[in-house]
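Trainee: I would like to learn how to read a structure such as this one, feature by feature. Could you take me through it slowly?

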Amino acid sequence: MYLRLTLLAAATLSILACSPSGTPATTGQDIAGAPAKAGEITGMVSTDGSSTVFPVTEAMAEEFQKENAGIKVTVGMSGTGGGFKKFCRGETDISNASRPIKGEEKEACKAAGVEYIELPVAMDALTVVVNPQNTWANDLTVDELKAMWVPEAQGKITNWNQIRPSFPDKPLVLYGAGTDSGTYDYFTAAIVGKEHSSRGDYTASEDDNVLVQGVSGDANALGFFGLAYYEENADKLKAVGIKTNAAAQAVAPSVETARSGQYQPLSRPIFIYVSKKAAETKPEVARFVEFYLDSKHSEGLVQEVGYVPLPENALAAMRERFAKREIGTGFTGSKIGVSIDELLKEKLVY
């Protein structure tokens, strides 16, 4: 798989890792090979943002550069919020996002004259995980997750048996996305009921690899992140089935349950936002986005890294949106339980 879990330098890939302290990573996808031929497009495409979308864009960049030797694509990982800050300052061509653009981010872009094209590129099953030594939490209800994560739980809900009486009297150790992460915004909206609202006494990081390491190293831990990071680490993590209520059947996160709409409320679209100016003035940007939205690339690469590819009709709609340079967003914040069909019906507002 294309996901780089140990961000090490490789012969064909130059990577500056994101440190546990939160320093944004900048991944330079610099594929070694023959120089560009005369007349070929050359240049650089700069992307940054979500760690959830990172493996998709990284995979796209790697394959794209094999076919376009004169174009370098850099892929940063500073979180959805951090990515939008750079994007709205005009510092990047594309912003990777695991949630829609927020109102204050829209205003920042407007103030800087940055127009954007919103492109859903895949669906994700946001995954709740525990350590494999956890033999008790095979499933959790939305209300039980809420009891763990609401702001009022801070310093009070500290043991597993406070969540369900049959659970053992063991410490509840929480790991989750940092507050600059779109995953944090979506999870809190879906589980707590209010975006950007949770207890603060948990180990937070915008780098999902840090969360993987934390949960896999603590028998009492629970965390959440995108499906791709779980699938890449399934040998050292256990996914928890989600129940919408106590009487419901637990549904495990997977490509299939996200595609069918069964995995609720943690299925969500993930996005790239493209600068209209960059798309119109930098042919290398337009070519990369067209490559990204091509079904022959999307179907294989998106699923290979662990997400749900959009069907051809949805990709065709996004190709048309990009070709027409239609700006704006169809969202006013994280929308819970949105389907692929609903994505296509959203009216764009800048």
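Trainee: How many of the 10 residues of helix 2 are buried?

Mentor: A residue counts as buried when its relative accessible area is under 20%. In this predicted model, nine of the 10 residues of helix 2, which spans residues 79-88, are buried, so the helix is largely enclosed by the rest of the structure. Among the buried residues are Gly 79, Thr 80, Phe 84, Lys 86, Phe 87 and Cys 88. After helix 2 comes Gly 90, which has a positive phi near 80°.

Trainee: What share of the 350 residues of the chain counts as buried?

Mentor: For the chain, 58% of the 350 residues count as buried, and the accessible surface comes to about 13,600 Å², with 49% of it belonging to carbon and sulfur atoms.

Trainee: In what order do the five strands of the open sheet lie?

Mentor: Strands of a sheet pair through backbone hydrogen bonds, and they do this either parallel or antiparallel. Here the order is 10-9-11-7-12, with mixed pairing. Strand 10 (203-205) and strand 12 (238-239) stand at the edges with a single partner strand each, so one side of each has no neighbour in the sheet. Strand 9 (residues 173-177) pairs with strand 11 (residues 221-225) in the parallel sense over two bridges, and Leu 174 has Leu 222 in strand 11 as its bridge partner.

Trainee: Which strands does helix 4 lie across, and which does helix 6 lie across?

Mentor: Helix 4 (residues 142-149) lies across strand 7 (127-130), strand 9 and strand 11, and it runs at about 95° to strand 9. Helix 6 (residues 208-216), for its part, lies across strand 7, strand 9, strand 10 and strand 11, running at about 155° to strand 11.

Trainee: Where is His 196 found, and where does Arg 325 lie?

Mentor: His 196 is found in the loop between helix 5 (182-192) and strand 10, while Arg 325 lies in the loop between helix 12 (312-323) and helix 13 (340-345). Although it is not a glycine, His 196 has a positive phi of about 65°; Arg 325, also not a glycine, has a positive phi of about 55°. His 196 is partly exposed, with a relative accessible area of 38%, whereas Arg 325 is buried at 18%.

Trainee: Is the peptide bond from Gln 264 to Pro 265 cis or trans?

Mentor: That bond is cis, with omega near 5°, and Pro 265 lies in the loop between helix 8 (255-260) and strand 14 (267-275).

Definitions and conventions
Residues are numbered from 1 along each chain as its sequence is written. This is a predicted model: local features need pLDDT of at least 70, side-chain atom pairs count only at pLDDT 80 or more; totals for chains, interfaces and linings use all residues. Side-chain values use heavy atoms; hydrogens and water are left out. Buried means under 20% relative accessible area, exposed over 50%, partly exposed in between (1.4 Å probe, protein chains only). Accessible areas come from the Shrake-Rupley method with a 1.4 Å probe; for residues, only the protein chains shown count as cover. Two strands pair if DSSP finds at least two bridges between them. Helices (H or I, at least four residues) and strands (E, at least two) are DSSP runs, numbered from the N terminus. Contact means heavy atoms within 4.5 Å. Axes are lines fitted to C-alpha atoms, for helices over the stretch in contact, and angles run from 0 to 180 degrees between N-to-C directions.
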